Amino acid sequence: MEDFTFNDFQNFVSKQTDFSELFIKMQDSGELSSELKDDDTPVTEIDLEIEISLRKAIENQFPQHSITGEEFSDKTKPSDFKWIIDPIDGTFSLTKSVPLFGTLVGFLEGSLPRYGCVRFPLLGNMLICGDGEKTFEDGKLIHSSNETKLKDALILTSDENRLKRSEYSDKWNKLNELVSYHRTWGDCYGYYLVCSGKAQAMIDVDMKPCDILPLIPVIHGAGCEIIELKKPYRDVIVCSKDVYQDIVKIF
């Protein structure tokens, strides 16, 4: 599979992550039930339906590849290639009718994330794909900011209360004192904002592999830096290069 190119990946995810009809049906019905998993995070029927669909598509086209997903047990194969799926990153947002959630799919070679994507079904069905060197939004190159000073920066997180209860509470507070804006436009949408130059930093803690590994090629492809506060990618800050040195001094 050495000839499995970024273009092959883009073609696959462009087709297989298009669940627009599913979300139209959801919006028309006006009903979305959820339940809590063992880790107290919500899961919906849509999470399950999307992951099942993606797993079937991968198994049909790449039967020798392993699969890791958010909602079902791993499927391990002898191949060095693995797909990693988060069917809905930001399920809590989905359950509250907040459209800032997305479907994540990544392609790994060994432990190295080679390609990744995020699809935003309720934001124009926008598809972001990266290969670690370049990142595209619906086929057009995007890049992080490069001339923003820290005092003018926008920083993001998914759950500010979680940060305040973490070991980074004091550092988070200090960073907030030095910037103009912070918002909780988090989950995968927060990383998209940094990658597209609309924000300068995104910090998250207690991440699972499905939350972040599909985004690594997107983040690097957009020219962003990744600060691993706790490895491997457990607690992270993703930021643009223009504020990287300032943030490293704090954390």
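## Largest pocket

By class, 17 charged, 11 nonpolar and 7 polar residues form the lining of the largest pocket (Ala, Val, Leu, Ile, Met, Phe, Trp, Tyr, Cys and Pro count as nonpolar, Asp, Glu, Lys and Arg as charged, and the others, Gly among them, as polar). The model is predicted: local features need pLDDT of at least 70, side-chain atom pairs count only at pLDDT 80 or more, and totals for chains, interfaces and linings use all residues. Residues are numbered from 1 along each chain as its sequence is written, and side-chain values use heavy atoms, with hydrogens and water left out.

The volume of the largest pocket is about 880 Å³ (the space filled by probe spheres set on grid points, which are joined across faces, edges and corners). A pocket is, on a 1 Å grid over the protein atoms alone, an open set of points where a 1.4 Å probe fits, with protein on both sides within 12 Å along at least five of seven lines; lining residues have an atom within 4 Å of a point. Of its 35 lining residues, Gly90, Phe92, Ser158, Arg162 and Asp187 lie nearest the centre of the largest pocket.

## Second largest pocket

The second largest pocket holds about 230 Å³ of space. Its lining has 4 nonpolar, 2 polar and 4 charged residues, among them Leu22, Lys25, Ile46 and Glu49. With 4 residues, α2 gives the most to this lining (helices are DSSP runs of H or I, at least four residues, numbered from the N terminus).

## Position of Ile52

Ile52 lies in helix α3 (residues 45-61). Ile52 is partly exposed, with a relative accessible area of 37% (between 20% and 50%, with a 1.4 Å probe and protein chains only).

Methods
Helix = DSSP H or I, 4+ residues; strand = E, 2+ residues; numbered from the N terminus.
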